[in-house]
Amino acid sequence: MTGTAKIRQAVELIRKTRPVYAPPLMTMERVRDDKTCNTLATDGIKLFYNEEFCQQTPLKDLQFILMHEVLHKWMGHPRRLLTTNKAKRGKANVAADLAVNSMLIQQGESLPTSIKLYCPGDSPYRDLPHGKSFEWYLNEMPDDDTNESDDVIPSAGEGEVNTLKEMNSAIQSAKNKSIGKHSATFMEKVLSDMLQPPKVPWQQVIKQYVSVAASNRKRTFSREARRDSEFILPSHRKEKKLAKTCIVMDTSGSMDDLTLHCISEIFGLMQCCSGVELEVVMVDTEVRNVIPITTERDIETVKNNVRGGGGTEMGPGFTYAVEHGAKLIICISDMYLDEPPRPPVPVIWCQVGNGYCTPTYGETVKVEE
Ligand SMILES: [Zn+2]
């Protein structure tokens with residue numbers, strides 16, 4: 001049987017038993033390359049193959065290697081390899097192999113027996129754990145590791161958006177099939193992890209907003225500051241009024257340490273920006289207490305003067321904040337609430353619990369200690 005026919009047969013087998021991997025295998029152009037390709041390889045667009053290798057490799061192993069190439073494509077390895085040092089590409093290729101073979105093992109596949117593939121848990125990478133990224137494995141590989149691999153061809157490939165679209169449609173069409181469903185479910189989890197926004201520490205998000213609010217002072221046209229100049233130039237004059245931030249604190253439930261920790265962190269962040277005024281507004285269904293925070297001691301005052309306990313309705317707190325000149329609202333809540341109407345100033349939701357509300361406006365940060 002020719003190599004081409006063997007690939008066709010393996011792809012057919014994948015279509016029947018691991019349907020999630022089939023769509024890219026059926027659309028990728030297959031290019032015979034006996035000169036530079038010893039096995040199979042991909043640049044994320046084409047599938048290169050060595051005729052003799054395909055002829056001699058058992059169908060089951062060929063099936064594994066084809067799925068392996070699909071994962072290189074879906075994980076964007078050709079693109080990610082572009083960012084690695086040229087001299088280290090052989091080693092980076094091994095790291096990419098560790099990542100994709102680990103994924104296949106986690107789906108219950110077995111490593112080929114006719115060819116040696118690098119895999120975590122298997123010699124010489126027996127001690128490496130499963131389920132890590134290409135970059136993670138590359139970082140963990142010892143400096144004197146001389147193993148090399150070459151089936152990922154560095155290339156910008158198809159672009160990330162197209163790859164994610166292809167993955168998603170392959171998952172959706174394979175999810176309802178009776179055979180190979182677990183692979184589709186596994187890949188669905190991988191895709192959802194890939195789509196998660198990168199984790200930014202919540203303090204950093206707040207800091208960005210606070211510094212914008214603090215710098216958002218009115219421009220004034222002033223001659224007095226530039227008495228020597230005959231031109232009237234705009235200058236940033238400090239307004240007497242400070243940029244005010246209101247922490248709207250949901251006091252409907254029990255007061256926990258995380259909320260206090262959150263206020264304390266916000267106060268700490270504000271210390272870095274001059275001209276910021278901070279006020280804690282306690283709200284259950286209406287404003288129950290307002291405490292300005294100017295020193296660390298005021299946070300103790302908040303702790304000892306929590307008022308509230310009724311239902312949850314943050315709207316009155318937002319209204320109070322806007323009416324009292326807040327440039328930024330930070331709402332600390334467990335999120336067991338209905339979203340109040342959108343105020344005309346930016347809102348950060350500091351989530352300290354696992355409530356059902358997913359706000360449709362503002363930025364949500366999950367507060368962790
Ligand atoms: Zn590979």
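The domain assignment, automatic or from a database, divides the chain into domain 1 (3-195) and domain 2 (202-366). The model is predicted; local features need pLDDT of at least 70 and side-chain atom pairs pLDDT 80 or more, while totals for chains, interfaces and linings use all residues. Residues are numbered from 1 along each chain as its sequence is written. Taken over C-alpha atoms, the centres of domain 1 and domain 2 are 48 Å apart.

**Nonpolar cores**

- A nonpolar core is a set of buried Ala, Val, Leu, Ile, Met, Phe, Trp, Tyr and Cys residues joined through C-beta atoms within 7 Å; buried means that 20 or more other C-beta atoms lie within 10 Å of a residue's own, with C-beta atoms placed from the backbone.
- The largest core holds 50 residues, and L66, A95 and A99 have the most contacts inside it.
- Helix α6 (residues 89-106) supplies the largest share of this core, nine residues; helices are DSSP runs (H or I, at least four residues) and strands likewise (E, at least two), numbered from the N terminus.
- Beyond its neighbours within four places in sequence, A95 is in contact (C-beta atoms, placed from the backbone, within 7 Å) with F134, Y137, L138 and M141.
- Another core, of 42 residues, lies apart from the largest one and includes I247, V283, F318 and A321.

**Strand β9 and its partners**

- Strand β9 (residues 326-333) is largely enclosed by the rest of the structure, because eight of its eight residues are buried.
- Strand β6 (residues 243-250) pairs with β9 in the parallel sense over six bridges; pairing requires at least two DSSP bridges between two strands.
- L328 in β9 is the bridge partner of T245.
- β9 and strand β10 (residues 347-351) run parallel, joined by five bridges.
- Q351 in β10 is the bridge partner of S333.

Technical notes: A residue is buried if 20 or more other C-beta atoms lie within 10 Å of its own, exposed if 12 or fewer, and partly exposed in between; C-beta atoms are placed from the backbone. Two residues are in contact if their C-beta atoms, placed from the backbone, lie within 7 Å.
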